[in-house]
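Take a look at the model below.

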Amino acid sequence: VHESSANAQLKNSLRENALHKPDQKVGLESLWTLACLDGFDETLADKLLNSPNPAIRAWTVRLVGDTGNPSKEMAHRLDKFAEKEPELEVRQQLACTAARFPPAQAMPIINANINRNIDSTDPFIPMLWWWAVEKHSIAGREEVMKRFVRPSLLKSKVATEALLTR
């Protein structure tokens, strides 16, 4: 009993560090340790996606992706998050994580970023989005096609130059 109480105190301390420490190193190390102790969950992830620290947001997306199959609520949260995320490093992780999700959860995230057209001049991230789409193009063909028949897609440089040409 004493050991589990100490473990709970440690996890609470690590959560607080990940959520509120302005020092990126302390926040990230706390998040990583918490994940190793099975103290990372979607409730915490939801809060961490609001972190002012892009590295914390990116690692939160990564850790949610490590589950391979987030809840419908978390997948929807990541879709909304993807529509507004300003930092390239976080969008890179969103692309990599979307490739690991089931198609129905991945394609809204992918679509959100393709339609934003924010990464059209980056030399690498359009290919990460392509990789995510390509991963789902066979098993998730219906999900992919739902997104790729929309006229709005033709307004996206990422879509017309990096995705549709492939």
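α6 passes α7 in a left-handed crossing. The model is a predicted one. Two packed helices are described by the angle between their axes and the distance between the axes. For α6 and α7 (residues 103–116), the angle is about 145°, and the axes lie 9 Å apart. Which residues meet at this crossing? From α6 come Arg91, Leu94 and Ala98. From α7 come Ala106, Ile109, Ile110, Asn113 and Arg116.

Stay on α6, which runs over residues 88–98. Gln93 belongs to this helix. Is Gln93 buried or exposed? Its relative accessible area is 17%. The cut-off for buried is under 20%, so Gln93, at 17%, counts as buried. What does Gln93 touch, leaving aside its neighbours within four places in sequence? The contacts are Ala58, Val61 and Arg62.

Next comes α5, residues 72–82. Its buried residues are Met74, Ala75, Leu78, Asp79, Phe81 and Ala82. They cover an arc of only 165° around the axis, so they sit on the same side of α5. An α-helix has 3.6 residues a turn, so residues three or four places apart point the same way. Lys72 and Glu73 are exposed, on the face of α5 turned away from the buried side. What do the buried residues of α5 pack against? Their partners are α3 (42–48), α4 (54–67), α6 and α7.

Now turn to α2, residues 24–36. Start with its length. The helix has 13 residues, and at 1.5 Å a residue it should span 18 Å. Which residues of α2 are buried? They are Gly27, Leu28, Ser30, Leu31 and Leu34. These residues cover an arc of only 160° around the axis, which puts them on the same side of α2. Lys25 and Cys36 are exposed on the other side.

The two ends of α2 deserve a look as well. At the start of the helix, Asp23 uses a side-chain oxygen. That oxygen reaches to within 2.8 Å of the backbone nitrogen of Lys25. After the helix comes Asp38.

Notes. Residues are numbered from 1 along each chain as its sequence is written. This is a predicted model: local features need pLDDT of at least 70, side-chain atom pairs count only at pLDDT 80 or more; totals for chains, interfaces and linings use all residues. Side-chain values use heavy atoms; hydrogens and water are left out. Helices (H or I, at least four residues) and strands (E, at least two) are DSSP runs, numbered from the N terminus. The expected span of a helix is 1.5 Å times one less than its number of residues. Buried means under 20% relative accessible area, exposed over 50%, partly exposed in between (1.4 Å probe, protein chains only). The arc is that of the directions from the helix axis to the C-beta atoms. A polar contact is a pair of N or O atoms within 3.5 Å; within protein, one must be able to donate a hydrogen and the other to accept it, and residues adjacent in sequence count only if both atoms are side-chain atoms. Contact means heavy atoms within 4.5 Å. Axes are lines fitted to C-alpha atoms, for helices over the stretch in contact, and angles run from 0 to 180 degrees between N-to-C directions. A crossing is left-handed if the near helix is turned anticlockwise from the far one by less than a right angle, and right-handed if clockwise.
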